[in-house]
Each structure stands twice: as structure tokens, then as C-alpha cells.
Amino acid sequence: MTQNSVAVGKRINEVREARKATDPRFSLRRFADAVGLSPTFISRLEHGTGVLPSPANLERIAEVLEIEAKELFELAQRVEPQVKDLLLEQPAWADFLRTARSRGWDADAVKQFVEDHYTEPDTDA
């Protein structure tokens, strides 16, 4: 159990319980079946005594809960598989992020840099 797994479990429980109030498909057992994990695993996760699910299972949980997987990955402090794949396929992106970090840029600074240096392609041509 880590602080990250507690945060992820708490968020899953909040969303699942809210959905369960109007939809019985979100009972612990039915939700666990839909996700493909055991009710015990989900219960432990939601109560802060379990481990983080695999990236594939985090994506599946988000899909069933109808929330953005990004939210769970951020709480887990894990990189989404699509982002990892991008960094492996395009090493220049990893270089850019390393440079930004070495310069002390935060997310807002990176966003501003991109806005200042990127223009939308002209589609009228």
C-alpha cells in the first residue's frame, strides 16, 4: 500500500459509489466482474489496503467508471501507456522534457512555450 494506491482507491470508490446510487451495475461484485478483477482486489484497493492495478487494469477501471484514465494515472503517479509509447517511439519528446525539467519549467511554462512556438497548419492552402 502506498499513498498513491490510497488516492486511486479513494477516487474509484467515490465514483463507483456515486454510480451505484442509481445503477446496480456498480455494486462491488458487478463492478469487479465488469473490470475483470476480484471483488476482494477492488475492496482492498478502495479501502487503502491494496496495491495499484496494472496500467491495463487502470484503463479498464476508468472505462467502466466512464472517467478519463488520465485521472487515475495522475493519482497513481504513473505514466499512461500511450505516453510511454510516444516517448519510446519519438525520443526527441523525451529530450524536450528533460531540457524543460533542467531549466526548471513547470507545466504552465511548457504550455506557454508550445503556444509561442507552434502555429496551426494552414488548411486553406
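Two aromatic rings of Phe, Tyr or Trp count as a pair if their centres lie within 6.5 Å, taking the six-membered ring of Trp. With that in hand, let us look at some close-ups of this predicted model.

**Figure 1. Ring pairs join Trp-93, Phe-96, Trp-105 and Phe-113 into a cluster.** The structure holds four aromatic pairs, and the next two views show two of them, Trp-93 with Phe-96 and Phe-96 with Phe-113. As you look at them, keep in mind that a pair of aromatic rings is described by the distance of the centres and the angle of the planes.

**Figure 2. Trp-93 and Phe-96 form an edge-to-face pair.** The ring centres of Trp-93 and Phe-96 are 6.3 Å apart, and their planes make an angle of 85°.

**Figure 3. Phe-96 and Phe-113 form a tilted pair.** Here the rings of Phe-96 and Phe-113 lie 5.6 Å apart, centre to centre, with 40° between the planes. This pair links distant parts of the chain, as Phe-96 belongs to helix α7 and Phe-113 to helix α8, residues 107-117.

**Figure 4. Helix α1 packs with helix α4.** Find residues 3-20 for α1 and residues 55-65 for α4. The axes of these helices are 10 Å apart and meet at an angle of about 25°. Angles under 35 degrees count as roughly parallel, and α1 and α4 are therefore roughly parallel to each other. The crossing of α1 past α4 is left-handed. Which residues make the contact? From α1 come Val-8, Ile-12, Val-15, Arg-16 and Arg-19, while α4 brings Leu-58, Ile-61 and Leu-65. Sorted by type, the residues of this contact are six nonpolar and two charged, with no polar ones.

**Figure 5. A closer look at Val-15 in helix α1.** With a relative accessible area of 5%, Val-15 is buried, because buried means under 20%. Which residues does Val-15 touch, leaving aside its neighbours within four places in sequence? They are Leu-65 and Ile-67. Now look across to Glu-66: Val-15 and Glu-66 are 51 residues apart in sequence, and their C-alpha atoms are 9.2 Å apart in space.

**Figure 6. Glu-66 and Gln-77 have a positive phi.** Most residues other than glycine have a negative phi. At Glu-66, which is not a glycine, phi is positive, at about 60°. Glu-66 lies in the loop between α4 and α5, the latter being residues 69-76. How accessible is Glu-66? This residue is exposed, with a relative accessible area of 62%. Gln-77, again a residue other than glycine, has a positive phi near 55°. Look for Gln-77 in the loop between α5 and α6, where α6 spans residues 81-89. Gln-77 has a relative accessible area of 64% and is exposed.

Key:
Residues numbered from 1 in each chain as written. Predicted model: local features only at pLDDT ≥ 70, side-chain atom pairs only at ≥ 80, totals over all residues. Heavy atoms only, no water. Axes fitted to C-alpha atoms, helices over the stretch in contact; angles between N-to-C directions. Helix = DSSP H or I, 4+ residues; strand = E, 2+ residues; numbered from the N terminus. Parallel < 35°, antiparallel > 145°, perpendicular 65-115°, else oblique. Left-handed = near helix turned anticlockwise from the far one by under 90°. Contact = heavy atoms within 4.5 Å. Nonpolar A, V, L, I, M, F, W, Y, C, P; charged D, E, K, R; others polar. Phe/Tyr/Trp six-rings, centres within 6.5 Å; stacked < 30°, edge-to-face > 60°. Buried < 20%, exposed > 50% of the residue type's maximum accessible area, 1.4 Å probe, protein only.
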